[in-house]
Structures are given as structure tokens and as C-alpha cells.
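Please consult the structure shown here.

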Amino acid sequence: MSSSSIEHATPVAGLVLPTGASFRAFGTELAAVAAWSTAAALTLFWPDKPDSDFSYTAALGTGFGIVAAAIAVALFLRFRVPALQRIGGLAPWLLALALLAAVWEVVTAKLGLLPMPFFPPPQSILEVVIDDWARLGDSVLASLRLLAGGYLIGAAVGFVAGVAIGWSRAIGYWIHPILRFIGPLPATAWLPLAFFIFPSSLSASTFLIALATGFPVTVLTWSGVAGVNSAYYDIARTLGASQRFLVFKVAIPAALPHVFVGLFMGLGNSFAVLVVAEMLGVKSGLGWYLQWAQGWAAYANMYAALLIMALACSGLITLLFRLRDRLLSWQKGLVRW
Amino acid sequence: MVGALAVGEAPQLPPPSRASGATLDIRDVSHHFELDGRPLPVLEHISLHAKAGEFVALLGPSGCGKSTLLRLVAGLEQPRFGQLFMDGTAIEAPDPSRVVVFQDPTLFPWRTVWRNAALGLEAQGRLRSHRERVDDALRLVGLGEFAAALPHQLSGGMAQRAALARALVNDPRLLILDEPLGKLDSLTRIAMQAELVALWQRAGFTALLVTHDVEEALFLADRVIVLSERPARIKAEIVNDRPYPRHRGDSHLAELRREVFSHLGIDAKW
């Protein structure tokens, strides 16, 4: 493996031989492959602790092996497939994750050092994902539906309210005090009341998520619109701009960086409210799944749900970053997520 | 004069045509700001008449109220006393026939150079039928190849050229220049002064320039109005009838410069 990879790095293949630094990086990549292979071997050939009945130990070991093989193939192909170039930068993380997986496997499944059932081994989580995927998938979809409804309503209302307050003194006069009074209240404080007032727990939760999203979006949109350089308006007015043009073509684009800060804060808030609402009222979603798993002391299910929740939340934040990068590509020096 | 922006038509400078310029009448205008509840006088009894196609420079110490006068002319603010007229019509609101070029180019950072230049036409809903005017204006100021660039990619001089193009696209009858070259380095500044004269001669608009640079005022303007310190009053009016294009070493300009300096209270023996 190592010799063939290095051959690809020779000038014969039209590439420069790796220097000392890249040799070290290359070492890390090989170490990652070795570590995943070791984790696979440990899982497969070290018998589980006595009196245990993990049915997915072999599957987990095979999974680790597949990861090792995938990294190796990526290393082999990366000089031909540009998309795989990033593997070099990821190598330290791949190595660390392999070590973490191996240590976790050993202290739980093999040695039984950590108390069960609070610290399940990786194969138990794999088991949950494989055996309970239908219920988990339903929960993810239910959560996403609820979140999307609440977030989109909250973001839209917050954006419109923010522009209105920033633009019109009369509207600001009425909305601003309400915002200051009610805005800082955590949306979850409305929970008991909301479940009572709204006809269904779904509509109540949608309202709470919209509330949690709407406040930061409103405040930041408002401050963005209020902070627009007045020279932009002067320029546009002398060029014959109408009020409508000033709002839509000057104020809103200029305020957009602020709006996105509000959208990010709102998204974070909405996650928190979503989980709480699902735990306390809604009979579906990942929050409900967590609650249900706790009732059965099914800790592996909780870890699996947490893992999936982390992936989903992180994915949504990434999506919002992508949208921002696209819309605000004119800015220089954007933070990368 | 509508086609005046097209460079190709006029390789040599045509004789100045003043048909498209507007007349400007400033009639006994006084203005003050409110500062801590007390009036802060800025302009006192300013009267000024600019003929169609004339290039008038307002010269005065910084902070004297020159820029305020320009904001009144642009229609961005209303004077407390007195009236302003363009072609005999009272100035009550901004209008694209009077375009301001500010000291800061203030391009919209989210728009490309082309879309910045197109701003006026877009605001007036005329962009679709006049797209070629944007191209022409950008070519005229030498930014033809930078149409797709974003403002943060431009140098100071290029940004100010883009701002000039944004103004010229509207075919203004009165171009209001608020120290447009004030923040540029001296080489760019000298080059752009010459370009400004050429543009003005070609397009025939009336120009009102605010500056605190005596050389610049004398190089560009038919008439230099010297303002006092705040509150600004008209202190002197110097007619500069040297033909265009002018030369910086012109001894007559040196003479006028001494005169201007003496009005400003600066003893220019050197």
C-alpha cells in the first residue's frame, strides 16, 4: 500500500515527490488506516465480556474494517480524483476517531469497565440504528416537519417585523416596547399556556418554535435596517429611487448580513424549543423518542437518537451557512463553518 | 446630446455644447442645524446663479457648510430660508436630472460595478431599454473591463470612477460634485481632474463642484466662488476665462491662485 502510493507521488506520474512535511502527513494517513484496521481486529477477534449477548459485534467489526478500507482506497485514488484531496487534512481526525472507537469498544464490550446499561458499547447503538430505523426515521421526519413549519413562520414574521420596525417610526413605536417586554422571555416559558390555548400540541409547538426563532430574527433585522449607511439612501434618492426601491433594493440587501446572524441564533433557539416541546407534549419526533427510550431505560436508543439529532442539527446549520455564503458572496472574509 | 456619452463618436473634443446643461438659481438661501436645541447657522444669504453648462466651483475652508449647500441643491434637504431653482423650477425633492458624486464613492458593496452603475436606470424603471448606456458610461470612465467586479475589489480611484459612471448614466443636466477627488492620491487626482474636464466638455452638463483644493478649482471651473468660514457667506467671486484644456503651469492661473489665497486670508508669497 505504502509503496504504491508513493509511486504515484513520483515525478514519473507528473507529480512532485512529497517533502518531509507531507511525508509526516502521509504517515498520519497510514496511521489512520492502521488504527481503523486495529479497531476492526479488536472488535472481531477479542471475545466480548462474559454473559453478554451483543448480536452486532461482527457487524461492527466489519464496519470498522470497511472504514479502514475506504480510507485506504481514498488515499490510493486521491491523486486522480480531486474530490478526495481533502483526505490529507482529515487524517488526524480519522486517526483520533479510530482511537476513540477502539477505546470505547474495549472499555465497554470487551472489559466491561463502565456500568451497563448507562454506557452501551458501539455495537448496541449500531443495533438500535439497524433494528429500530423505522421508528427513528419517523421521528426524524416528524421533528423536521415541526421544525420547518415553526422556523419558517418565525423567520418570515421576524424578518417582516424587523424591516417594518427599522423602516417605519410609527410601527416601531408600537412593536418596539412589546418586543422588549416579551422578547427576552424564553419561549419555553409559554409552553404550559400554549398547550392549553392551541387546539393541538402540534400547533402549540409550531407557535413556540416560531416565537423562539422570531425574536432574534426581528431584533437583528431591525438593527440591520436601522444601521444602514444613510449615504446609501442619499445616493439612491438622488438617482430617483422610490420608497419601495429604498426598502427592497437598499435597506434589505444592506441589512442581510445582520439578518443572517438572527437566522443562525433563531435556528439554535428553535432546536432547543423543538426538543422540549416534543418531550413534554408532542407524541412524535426525536425529543419524544428520547423521552420514550428513557422510560424503557433503553440507553443505547438514547445515544442513537442523540447521534442522529446532532447530525441533523449540524446539517441544518451547514445548510444555512451555504445559503448565506451564496447570498452574501459579495462580502469578504466570511467565517467558515 | 443624448448620445454624448458614446466615446467612439467623438475622438476629438467637440466644441463645448451647453444645450443640455441646466441653469441653477440659488436665491438668498440661509440654513441652520439644531445642535443641543440651539440653532447652529451654516449658510447665510447665499445667492448664486449658474448658467447652463457652466462649471462653478465652491471653495472654502473645511467645515464651512459647502457640502450642506450641495445637499440643498440636490434636494436632499430643504433650506430654512430662501429658495433654489433649476431651470426656473423650485427644487423640492431629489431628481435624477441632478446627480451628486460624493466624496466617498459609496458603491453598494453587494452589487457588481455594472449593477452599481445601473442603479439610477433601475430605480427609474428604465434599465431594460437603456442597458447599453451602462456599458457606455463604464467604458467612458475606463472601467469597461471591470463591469463584473465587486466594489471591494476596486482601488480608490477605480471606485470613484465607478461612482462617476453611476452619475453619468442618468445623463444629468446638473452634476453636483462634493469633493469627489478629495480622498484620492495626488497622481490619480490629477489624472481624474483632466478626465472630468473632458467629460464635462463632451456632455455639456452644468457642474457644481465643492472643493477645498485651490488648484483643482482653478483648473476645472469657469468661476470660483470663495466662501467664508462657517456660517458660509460668499466672500468673493473669481471668473476664470482661461480656455480649456488648461495647463497647470499657466501663469494666469498662478495669478488667480494668489488672488484666491488672499481672499481666504492666506498670504501666498511663495
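Q: Which residues in H6(A) and H12(A) meet?
A: Leu136, Ser139, Val140 and Ser143 of chain A in H6(A) meet A:Leu286, A:Trp288 and A:Tyr289 in H12(A), contact being C-beta atoms, placed from the backbone, within 7 Å. By class, this contact has 5 nonpolar, 2 polar and no charged residues. The model is predicted: local features need pLDDT of at least 70, side-chain atom pairs count only at pLDDT 80 or more, and totals for chains, interfaces and linings use all residues. Residues are numbered from 1 along each chain as its sequence is written, with chains lettered from A and ligands numbered from 1 in the order in which they are written.

Q: At what angle do helix H6 and helix H12 of chain A pack?
A: Two packed helices are described by the angle between their axes and the distance between the axes. Here, helix H6 (residues 133-167) and helix H12 (residues 286-295) of chain A pack at about 135°, with axes 7 Å apart. H6(A) is therefore oblique to H12(A) (under 35 degrees is roughly parallel, over 145 roughly antiparallel, 65 to 115 roughly perpendicular, the rest oblique).

Q: What is the strand order of the open sheet in chain B?
A: Strands pair if DSSP finds at least two bridges between them. The 6 strands run S6-S7-S8-S3-S9-S10 with mixed pairing; the edge strands, S6 (98-101) and S10 (234-239) of chain B, each pair on one side only. The twist averages 15° from one strand to the next.

Q: In which sense do S7 and S8 of chain B pair?
A: Strands S7 (residues 174-178) and S8 (residues 206-211) of chain B pair in the parallel sense over 5 bridges. B:Leu175 has B:Ala207 in S8(B) as its bridge partner.

Terms used:
Axes are lines fitted to C-alpha atoms, for helices over the stretch in contact, and angles run from 0 to 180 degrees between N-to-C directions. Helices (H or I, at least four residues) and strands (E, at least two) are DSSP runs, numbered from the N terminus. Two residues are in contact if their C-beta atoms, placed from the backbone, lie within 7 Å. Ala, Val, Leu, Ile, Met, Phe, Trp, Tyr, Cys and Pro count as nonpolar, Asp, Glu, Lys and Arg as charged, and the others, Gly among them, as polar.
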